[in-house]
Amino acid sequence: MTKIAFIGLGNMGGPMAANLVKAGHAVTGFDLSEASRNAAAKTGVSVAGSIAHAVREAECVITMLPAGAHVLYVWDELLGFVDPGTLLIDSSTIDVDSARKAHALAEKADCRSLDAPVSGGTGGAAAGTLTFMVGGSDDAFSRGKPLLDAMGKKIVHCGDVGAGQAAKICNNMILGISMAGVCEAFVLAERLGLSHQALFDVASTSSGQCWSLTTYCPVPGPVPTSPANNDYKPGFAASLMLKDLKLSQQAASTSGASTPMGAQAAQLYSMFEKLGHGGEDFSALIHLLRGNDEA
Ligand code: NAD
């Protein structure tokens with residue numbers, strides 16, 4: 001049993017903290033939102049009134065927050081209250097530079113740290129089947145792994161500090177580009193008089209095969225569980241796809257990498273969000289590609 005403080009009990013953090021409780025850990029949580037605190041209390045999380053109270057006596061602190069600025073703010077505050085040697089894990093999806101700054105803050109306070117963003121969405125968080133992409137030292141990883149095992153089914157040590165966030169944004173850049181490509185192919189097929197099912201039957205067993213086609217097919221029919229069959233309810237919201245594509249472009253710019261397809265995908269999702277569709281599943285991009293009138 002490990003004493004864990006969990007800061008950020010939202011759509012992802014709430015169920016992740018609940019799985020740590022189920023695994024037998026003592027979890028104290030804090031969130032700015034009263035609704036999130038109340039929901040977490042119902043799952044056995046002991047709710048604290050402040051970050052200071054939540055992290056007191058914690059052997060490990062986990063954060064699951066919206067963006068890099070929130071993580072740096074919260075880590076800066078909590079590091080004033082934890083003992084040296086405490087393990088800090090950030091599972092938010094944030095920019096690589098902020099992740100490295102967070103590690104530096106922890107090191108200054110003589111704490112261990114991991115960046116450990118996730119893939120798998122709210123369904124994976126609830127089921128405890130997330131994939132964790134982890135950056136940090138071997139020592140920090142071996143301490144954190146048993147805790148991550150309680151929330152996920154695949155834990156990959158990607159390298160040193162920031163490597164987890166780097167893996168996350170590279171993966172999601174592939175996802176954004178491949179979904180745009182699959183949507184374009186279905187739109188072209190429609191114009192050529194080729195049925196959705198025929199394109200699916202060929203491409204899903206040919207060289208066009210990819211996750212965006214076979215798991216998240218952007219047209220209703222071929223994959224009954226894809227959000228297209230449920231009026232494009234997320235799933236993975238287009239606004240979150242845009243957030244990750246922007247992070248990839250920020251990292252490409254600071255590292256000097258050329259990512260023209262990533263830039264194009266970011267532009268498409270930005271346009272889609274501006275048209276008011278950020279809350280729809282990211283596969284709904286197909287409406288934009290069919291023509292602005294239908295978007
Ligand atoms: P969310 O908005 O539901 O939860 C974030 C929580 O952080 C909120 O409850 C908010 O009140 C809390 N918070 C913000 N500032 C705080 C502070 N200073 N102190 C305490 N609590 C604070 O977001 P989410 O969907 O849970 O996502 C969290 C992170 O996980 C994001 O970085 C997101 O990109 C990433 N992510 C989300 C998904 C998904 O499908 N939702 C999938 C993978 C990764």
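# A tour of the model, stop by stop

At 13% relative accessibility, Thr93 counts as buried; buried means under 20% relative accessible area, exposed over 50%, and partly exposed in between (1.4 Å probe, protein chains only). This is a predicted model, where local features need pLDDT of at least 70, side-chain atom pairs count only at pLDDT 80 or more, and totals for chains, interfaces and linings use all residues. Residues are numbered from 1 along each chain as its sequence is written, and side-chain values use heavy atoms, with hydrogens and water left out.

**Stop 1: Thr93**

Select Thr93. It sits in the loop between β5 (87-90) and α5 (96-108). Helices (H or I, at least four residues) and strands (E, at least two) are DSSP runs, numbered from the N terminus. Now show what surrounds Thr93. Leave out residues up to four places away in sequence, and Thr93 touches Pro66, Pro117, Gln165, Lys168, Lys243, Asp244 and Leu247. Contact means heavy atoms within 4.5 Å.

**Stop 2**

Next, select Glu57 and Lys3. They form a salt bridge, with the closest N and O atoms 3.7 Å apart. The pair links distant parts of the chain: Glu57 is in the loop between α3 (51-55) and β4 (60-63), Lys3 is in strand β1 (residues 3-7), and the two are 54 residues apart. A salt bridge is a side-chain nitrogen of Lys or Arg within 4 Å of a carboxyl oxygen of Asp or Glu. Glu57 is exposed, at 56% relative accessible area. Lys3 is partly exposed, at 37%.

**Stop 3**

Select Asp149 and Lys145 for one of them. Their side chains meet at 3.1 Å, N to O. Both lie in helix α7 (residues 138-149); they are 4 residues apart, so about one helical turn separates them. Asp149 is partly exposed, with a relative accessible area of 37%. Lys145 is partly exposed too, at 28%.

Move to Arg112 and Asp110. Here the salt bridge spans 3.3 Å, N to O. Arg112 is partly exposed, at 27% relative accessible area. Asp110 is also partly exposed, at 43%.

**Stop 4: the cysteines**

Select Cys111. Is it buried or exposed? Cys111 is buried, with a relative accessible area of 4%. Its closest cysteine sulfur is in Cys60, 11 Å away, which is too far for a bond. A disulfide is a covalent bond between the sulfur atoms of two cysteines.

Cys158 is partly exposed, at 33% relative accessible area. The structure holds 0 disulfides, counted as pairs of cysteine sulfur atoms within 2.5 Å.

**Stop 5: the aromatic rings**

A search of the whole structure finds 4 aromatic pairs. Select Tyr216 and Phe282 for one of these pairs: it is tilted, 5.6 Å centre to centre, with 40° between the planes. Rings of Phe, Tyr and Trp (its six-membered ring) pair if their centres lie within 6.5 Å; planes under 30 degrees apart count as stacked, over 60 as edge-to-face and the rest as tilted. Tyr216 lies in the loop between α10 (211-214) and α11 (238-255), and Phe282 in the loop between α12 (260-277) and α13 (285-290), so the pair ties together parts that are 66 residues apart in sequence. Tyr216 and Phe282 are buried.

Phe236 is in the loop between α10 and α11, so its pair with Phe282 ties together parts 46 residues apart in sequence. Phe236 and Phe282 are both buried.

With Tyr216, Phe236 and Phe282, they form one aromatic cluster.

**Stop 6: Ala228**

Select Ala228, in the loop between α10 and α11. At 7% relative accessibility, Ala228 counts as buried. Set aside its neighbours within four places in sequence, and Ala228 is in contact with Cys217, Pro218, Val219 and Pro220.
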